[in-house]
Amino acid sequence: MLKELIDKFYLSREKDREQRHFYITDAGKCPRSLFFKFKKAPREAMEAKVLRMFDHGDYIHQLIMKPLFGMREINVVASEVNIPPQELISGRADAILSDGKELYVLDIKSMNSMIFRNLAEPKEENIDQIQLYLHYFKIPRGILLYVNKDTQELKEFEISYSANRALALLNNLNALKTKIDANTIPDRMIGYPDDWQCKYCQFKEICITTGAGEVKWEQFKAKISQTTLAS
């Protein structure tokens, strides 16, 4: 009884979500999958256990922040702090820290033991995200802190702000927003179908149906309708 009710709670909460703007976590992601997300295209249902893992990640963040608030060497200037409001993108950094000399943006990531064990350098998509935090907060340095959620081991990487990288990410998002407004499905991402994003994408099936190249959203919906009627 409880399992079904808990699963229903998480699945209903996910169903109500509608994307109206980009999030920091969209930085570096496949443009086509983001387009489909904005348009509420058909996708594979996310399992309730995955949604619970997201909440577990929030709990791990609280565990990390607890000792930081009690340290003399580090001052938590702000926690759960939103980037300045603007139309294109929204995001909330885990914390802004000070060592008495410099400010740092802290971004906490949790992962399982297998991924953590092989992590020798920060993940590119995480670098993209923290670059945007550094850009909007105008802070030159950030810290990516990885937590092994199975053993609570930690790995950290210091990231320096790159204006070129941050502006390139924002330019890409602006270009994608133009395609979304024009109802033009972007081409498949570079690296398709072997990129890790493709393997875990909820839009795999309709991406295959869409085919390569840019496609008009209305043409795609007509194609889907014809396929449905023929089956």
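This is a predicted model: local features need pLDDT of at least 70, side-chain atom pairs count only at pLDDT 80 or more; totals for chains, interfaces and linings use all residues.

I take buried to mean under 20% relative accessible area, exposed over 50%, and partly exposed in between (1.4 Å probe, protein chains only). Residues are numbered from 1 along each chain as its sequence is written, and side-chain values use heavy atoms, with hydrogens and water left out.

Entry on S33. I looked up its accessibility and found 14%, so S33 counts as buried. I placed S33 in helix α2, residues 31–38 (helices are DSSP runs of H or I, at least four residues, numbered from the N terminus). Its side chain reaches the backbone oxygen of C30 at 2.9 Å. Setting aside residues up to four places away in sequence, I found S33 touching C201 and F203 (contact means heavy atoms within 4.5 Å).

Entry on T209. I found T209 in helix α8, residues 204–210, and at 28% relative accessible area T209 is partly exposed. Beyond its neighbours within four places in sequence, T209 contacts F220, K223 and I224; I224 lies 15 residues away in sequence, with 8.1 Å from C-alpha to C-alpha.

Entry on α5 and α6. I read an angle of about 100° between helix α5 (residues 124–137) and helix α6 (residues 163–181), with their axes 9 Å apart. Their meeting residues include I127 and L132 in α5 and L167 and L170 in α6.

Methods:
Helices (H or I, at least four residues) and strands (E, at least two) are DSSP runs, numbered from the N terminus. A polar contact is a pair of N or O atoms within 3.5 Å; within protein, one must be able to donate a hydrogen and the other to accept it, and residues adjacent in sequence count only if both atoms are side-chain atoms. Axes are lines fitted to C-alpha atoms, for helices over the stretch in contact, and angles run from 0 to 180 degrees between N-to-C directions.
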